[in-house]
Amino acid sequence: MLEPLTLSLQERLIGVIGLNGSGKTSFARLINGLTAPSQGHVRLDGLDTVADAEALMGRVGYIFQNPANQIIMPIVAEDMEFGLRNREPDKTARMEKVAATLNALEIAHLGARRAHELSGGELQLAALAAMLVTDPDLIIFDEPTSQLDIRNRRLMERAMAALPQQRIVISHDLALIEDFERVLLFHDGRLLADATPAIAIAHYQEIAG
Amino acid sequence: MRTLYAEGTGPFYRLPVRAKLLLLATLGVALFLTRSPFVLAAGPILGALVYFTLGLPFGLAARRLRPVFLTIIIVAAFSFLVSEAEEAVLQLLRLTTLMLFAATVTATTTISAFIDEITRLCRPLDRLGLMRADDIGLAFGLVVRFVPEIMTRYEAIRDAHRARGLKIRPITMIMPLILLTLRETDQIAAAIDARGLRGHSITTK
Amino acid sequence: MSTRGLVLVSLFAAVIVALGLLPPITLGFIPVPITAQTLGVMLAGLVLGAKRGVLSVALVLLLVIVGLPVLSGGRGGLAVFAGPTVGYLVGWLPAVFVTGLIAERIVRGRQGAITQTGCFFAAAVLGCILVLYALGTLGVMLVTGLPLIKALSGALAFIPGDLVKAGVAATVARAVQAGYPLLPIRGR
């Protein structure tokens, strides 16, 4: 449960930090509409996440911590194509969009691969591709690199940095958010700090002991 | 992956799925209403002609039918010995014919063609609000996606048991396998909902 | 159906398929090696309950129909429904429904371990042995014209193995109920 808060998130790069169980994920899930607020409203571009949920479909991407559980079809390209069924009735157009998105992320070689055979890093990139096919305006990353090894972490960071969309990144890996414009620090369900990365991280290090 | 579809061309490949299934059903009924051994004898011959000329190498085509054909033969032999001989022969002819034509439908129909047809058949239920027709394709994909993960999980459990010197017994293996698999549910469901894969967004508390 | 429900049904169907891919187990006192797949079917009813259990098993049958070799021994496709034992396959659906229904009714949260295992065992036997064999035998009778006793006699050899399976299923189901309760019961 989160304490009541009122925020306006206009910056392009926003970090969210805090200990496990501090409310970071609860907060993130309010933004993309996975959870409805018990009080008040969450609005994106003037649209309410509950009342206008359908209009917001596909506009907020969400990348989870566990790479494997985000790809739900056996083959990467199939998974990406499935995400477009509701918005593009023509199969050729869907396949073109899939190919274009894979190319943009430089992972065209992963399109025909079976998800089961991919490494964690490749799966996270595939999950990112699956999110990007719907051309989201905002992407939330919930601990995107914590289950990856160092090399895959760098790959993912590079891919994330190249994205034009607004990003909200929850991360234990402070290096990921230290260049951001704004960082929110959660603790015990409360927003403890809302400031520049340097200040928020300093607070974090205090409470982390 | 592993599929029983076999690439090829020919009349059976061009027939729509619905037509093939209807023909097969009609054939089944016709076979069980026929009592003439001579008419029925033509069945397996025609069936074999059709099935074995589809393009599959003979050995492979035959091997696929072996388990079913074995049960057909064994039960027919059993019938022959303990019950009426004539009925046993008719039974053998009927089932063998059905088996061959059923295998032909399977070999000439792609999985996605089947799934599309079943989804289409469920659209009326969709409109009535009883189910989401597109969930079938999603459920299907989920199963094929996660079977190899479960097998890998099984091997990990087995290796962990061996390392600890524990005996491999069904109970000690299957219990963690099921628990660990079920525990992935929430993460997978969250990913599906976050991507809006089921049409309307689902908000959970 | 909630997304979580859909995923549960699909994951359990994947478990049933995976159990069919494992090598059969030979127990000393039973002549026929037993496959773990029907164990999975029993568990679908015991762990998920009647409704989701049936959906899970129906999904497995759908995979068979569509042409995937997911039945133990790599069997699949429409041809498997052309055999005399078709009743044992289609019969999975009512069998798992009955198993689930009984489990939902008689299993209680506050039972002792032995009682609860016993309840699961009863549900497994009544549904996935009694009902299944009844339908399987009916199938054999319809397809082959054999009379009841003769149709049944061929199946008797498999009953001891299935009783062992029911015992294993009951033990596993109780442990799963303790670790990740899904069965819709009263008194949790």
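Modeller: In this predicted model, nine residue pairs are in polar contact across the interface of chain A and chain B, both partners at pLDDT 80 or more.

Biologist: Which elements of chain A each supply at least two residues of the side that touches chain B?

Modeller: They are α2 (53–56), β4 (60–63), α3 (76–82) and α5 (120–132) of chain A. α3(A) gives the most to that side, with three residues. By class, the side of chain A that touches chain B has 18 nonpolar, nine polar and four charged residues.

Biologist: What makes Arg195(B) and Asp79(A) a salt bridge?

Modeller: The distance does. The closest N and O atoms of Arg195(B) and Asp79(A) are 2.9 Å apart. The cut-off is 4 Å, between a side-chain nitrogen of Lys or Arg and a carboxyl oxygen of Asp or Glu. The pair therefore counts as a salt bridge. The rule finds one salt bridge across the interface of chain A and chain B.

Biologist: How many residues does each of chain A and chain B bring to the contact?

Modeller: Chain A brings 31 residues and chain B brings 31 residues. Between them, about 2600 Å² is buried. Carbon and sulfur atoms give 58% of that area. Asn69(A), Ile72(A) and His116(A) supply 25% of what chain A buries against chain B, more than any other three residues.

Biologist: Why quote an area at all?

Modeller: Interface size is often given as the accessible area lost when the parts come together.

Biologist: Turn to chain B and chain C. What area do they bury between them?

Modeller: About 4900 Å², with 82% of it on carbon and sulfur atoms. The contact takes 61 residues from chain B and 55 residues from chain C.

Biologist: How do you know that Asp186(B) and Arg4(C) form a salt bridge?

Modeller: Their side chains meet at 2.9 Å, N to O. The limit is 4 Å, so the pair qualifies. The count between chain B and chain C is one salt bridge. Polar contacts number ten residue pairs across that interface, both partners at pLDDT 80 or more.

Biologist: Which helices of chain B each supply at least two residues of the side that touches chain C?

Modeller: α2 (17–33), α4 (58–82), α5 (85–108), α6 (111–127), α7 (134–163), α8 (170–182) and α9 (185–194) of chain B. α7(B) gives the most, with 13 residues. The side of chain B that touches chain C divides into 45 nonpolar, eight polar and eight charged residues.

Biologist: Why is Glu106(A) called exposed?

Modeller: Its relative accessibility is 61%. Exposed means over 50%, so Glu106(A) qualifies. Glu106(A) is found in the loop between α4 (91–104) and α5 of chain A. Its phi is near 60°, a positive value in a residue other than glycine.

Biologist: Why does Asp135(A) count as partly exposed?

Modeller: Asp135(A) has 49% relative accessibility. That value falls between the 20% and 50% limits, so the label is partly exposed. Asp135(A) is found in the loop between α5 and β5 of chain A.

Biologist: What is the phi of Asp135(A)?

Modeller: About 50°, positive although Asp135(A) is not a glycine.

Definitions and conventions:
Residues are numbered from 1 along each chain as its sequence is written. Chains are lettered from A and ligands numbered from 1 in the order in which they are written. This is a predicted model: local features need pLDDT of at least 70, side-chain atom pairs count only at pLDDT 80 or more; totals for chains, interfaces and linings use all residues. Side-chain values use heavy atoms; hydrogens and water are left out. Contact means heavy atoms within 4.5 Å. Buried area is the accessible area (1.4 Å probe) that two parts lose on being put together, summed over both. A polar contact is a pair of N or O atoms within 3.5 Å; within protein, one must be able to donate a hydrogen and the other to accept it, and residues adjacent in sequence count only if both atoms are side-chain atoms. Helices (H or I, at least four residues) and strands (E, at least two) are DSSP runs, numbered from the N terminus. Ala, Val, Leu, Ile, Met, Phe, Trp, Tyr, Cys and Pro count as nonpolar, Asp, Glu, Lys and Arg as charged, and the others, Gly among them, as polar. Buried means under 20% relative accessible area, exposed over 50%, partly exposed in between (1.4 Å probe, protein chains only).
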